[in-house]
Structure formats: structure tokens, C-alpha cells
Amino acid sequence: MTPYLPRSATGTGMPLFCLPCAGGGASAYRGWQQALDKLGSGLQVLPVQLPGREERAHERRFTEVAALVEEMDEHLDAALARPHLLYGHSMGAFVAHALVLRRQRRGALLPRALVLSSHRAPHVPPNRVLDPGADDRMLATRLAQLGGIPPELADRRGFRSRLLPLIRDDLRLCSTTLPMTETEPLRVPLHLLVGAHDQLVPVAAMEAWSAHCGLDSELRTMPGGHFFVRTHENALLRHLAAVADRYRAVPARRPRHSAGHRTHKTPGSGQETESCAG
């Protein structure tokens, strides 16, 4: 048993490990199992609980991604030893990439696919829309503008004092830039999602993930903004169910060299574009 998987899984089928956004916890994925079961996804939802939040609030928070994924890799290695999918939203996408990169370098089993949403590619510098050094009121206001918290809570000093220390540490954790010389293409397919009206992560910042792809890469523009994961949850879950259907019978992947390509889809357009990548 590991504190990174605190909740007993109720579903059956291929595991879907879910990593949260900055300030979020495993409870962000409450209800996903029931919804995905109704879609016949064949997925077992496994929300990952990071230190310093919810029932792990008493634990030290990480502010460096390398130290975090080193511990995650140790704690989750047994759970990741069977075919699975990995999903991360915003900060969770940044952490998911770092975890898979670490496991690839040591020859561990990789996910059948990596689904990343709403975070710039790691070699793209952050735009500082959410600056961990901003004062409390400014940071809370920016979070509200992005849809991360209700606007009425941004002015409540007590709420800010409880939430913002966690937000700041999480923003520091995913504020680093990884030069291309310090990474390598991932040997798993990438499924990239971005909100059409995201004020924090423009489409180009998601397209840049193709440079980290060693196999297929697909970018889909979703309705909504940075938190389409909440406002358009049903559309996201339908997409995850479709992704699961594609990889359920695919042999487990281990690191290998191969050429890659990417596709770009916009719902309703019926069109794709394809080019070489990574």
C-alpha cells in the first residue's frame, strides 16, 4: 500500500492513473469511475495523491519535480508494472512527463499512452500568468480569472491563506524549463488536449509537445478554457474512453527507437494534419 494511491479502486480493467493540477488532489477525479463505467471504457480510475494536500496535507510538499518523480517512481513501480494509461492535467501533465521520462531511462514498463492536458511543453518557458511570486490578492484573482476558484473566494483572506501556500509550491514545482539537450523523445504515444479559450496555455504551447514524441502525437482542441476538465468533463471522459479503446489490446511498450508523427484534431472539423516529429 502506498500513500500515492490512498483510495481503493472500484473499477476493473486497464488502470488510468490521474495526476492533478496545481493546488489539486485526488478528489478532483471523484466520480470519474462511475462516469467512465457508463461509457463502457473498461478503465480502472486510480487518482494519484501527491504529498501536501487533502489527507496528506501534513506531509512536506515538493518544489522540484525531479525529487518528486524519484519518490513516485519508487512508490508506484509495482502498480505501474502492468499495462496502463497515464493522464495529467496542467501541473499533472508536467509531472506525468517527468515520471515517464525517468522510467524510460531506467528501462521500466511505460504506459500504453500518455494523455496530457493544459500545460506547456517542458522546453517552453512559462508565461508567468500565474506567478508564484505574485502577492496573494493578485494570484487569487488570476486563479479566479482562469476558472480555478470561484471569484467570490478570491477576496477572502482566510481562504487565500489556506490555499495559496500550496498553489505557490506547486507553481514552483512546474515552473522550470527543461532544455531539449536534457531530454529525449518518449517512446509512447502522446494525446494532447488544450482548451480553445485557455488564457494560460495557448494551443502553440501544447503543439510544442510534439518535440518530445518518439511515436504518434495527437493534439485535440477542447471547448472551454484552462479548466475544461471541469466545465466540459463529459467531453473529456468520452475522449478518454475512446483513447482507452484504441490501446486496450496494444502490447505493452518498453523503450525503443522509432520515428514519430503527430496529428492535430479540432472537434467538429473532421480534419487532421500530419507531420514528422521527434
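Ala, Val, Leu, Ile, Met, Phe, Trp, Tyr, Cys and Pro count as nonpolar residues in these legends, Asp, Glu, Lys and Arg count as charged, and the others, Gly among them, count as polar. The model shown in every view is predicted.

**The second largest cavity has a lining of eight nonpolar residues, with no polar and no charged ones.** This cavity has a volume of about 30 Å³, and the residues that line it are Phe17, Leu19, Val48, Met72, Leu76, Leu80, Leu86 and Leu99. Strand β1, which spans residues 14–19, and helix α2, which spans residues 65–76, each contribute at least two residues to this lining. Setting aside neighbours within four places in sequence, Val48 is in contact with several residues that are also shown in this view, including Phe17, Leu19, Met72 and Leu76. Its other contacts include Tyr4, Leu5, Cys18, Pro20 and Ala26.

**The largest nonpolar core brings together 61 residues.** Within this core, the residues with the most contacts are Val48, Met72, Val95 and Leu114. Two or more core residues come from each of the elements β1, α2, α3 (91–105), β4 (113–117), α4 (136–146), α5 (157–173), β5 (190–195) and α6 (203–207). Helix α3 supplies the largest share, which amounts to nine residues. A separate core of 23 residues lies apart from this one, and its members include Leu43, Ala113, Leu240 and Ala244.

**His97, a residue of helix α3, has a relative accessibility of 3%.** Because buried means under 20% relative accessible area, His97 at 3% counts as buried. When neighbours within four places in sequence are left aside, the residues in contact with His97 are Leu114, Pro122, Leu178, Thr183, Leu186, Trp209 and His212. The view can also be used to relate His97 to Leu190, from which it is separated by 93 residues in sequence, while the two C-alpha atoms are 9.9 Å apart in space.

**The largest pocket has a volume of about 530 Å³.** Its lining comprises 33 residues, and those closest to the pocket centre are Ser90, Leu130, Leu171, Leu200 and His226. Helices α4 and α5 are the elements that give two or more residues to this lining, and α5 gives the most, with three residues. By class, the lining divides into 21 nonpolar, nine polar and three charged residues.

**The second largest pocket has a volume of about 290 Å³.** It is lined by 14 residues, of which Val65, Ala66, Ala98, Leu101 and Leu178 are nearest its centre. The elements that supply two or more lining residues are helices α2 and α3, and the greatest contribution is that of α3, with six residues. The classes represented are eight nonpolar, three polar and three charged residues. Leu178, which lies among the residues nearest the centre of this pocket, is also one of the contacts of His97.

The chain has a mean pLDDT of 88, and 88% of its residues reach 70 or more.

**The chain as a whole contains eight helices and eight strands.** Of its 278 residues, 53% are buried. Among the contacts between residues at least 6 apart in sequence, 79% join residues that are at least 24 apart.

How values were computed
Residues are numbered from 1 along each chain as its sequence is written. This is a predicted model: local features need pLDDT of at least 70, side-chain atom pairs count only at pLDDT 80 or more; totals for chains, interfaces and linings use all residues. Side-chain values use heavy atoms; hydrogens and water are left out. On a 1 Å grid over the protein atoms alone, a cavity is a set of points where a 1.4 Å probe fits but cannot get out, and a pocket is an open set with protein on both sides within 12 Å along at least five of seven lines; lining residues have an atom within 4 Å of a point. Grid points are joined across faces, edges and corners, and a volume is the space filled by probe spheres set on the points. Helices (H or I, at least four residues) and strands (E, at least two) are DSSP runs, numbered from the N terminus. A nonpolar core is a set of buried Ala, Val, Leu, Ile, Met, Phe, Trp, Tyr and Cys residues joined through side-chain atoms within 4.5 Å. Buried means under 20% relative accessible area, exposed over 50%, partly exposed in between (1.4 Å probe, protein chains only). Contact means heavy atoms within 4.5 Å. pLDDT is the predictor's confidence in each residue, from 0 to 100.
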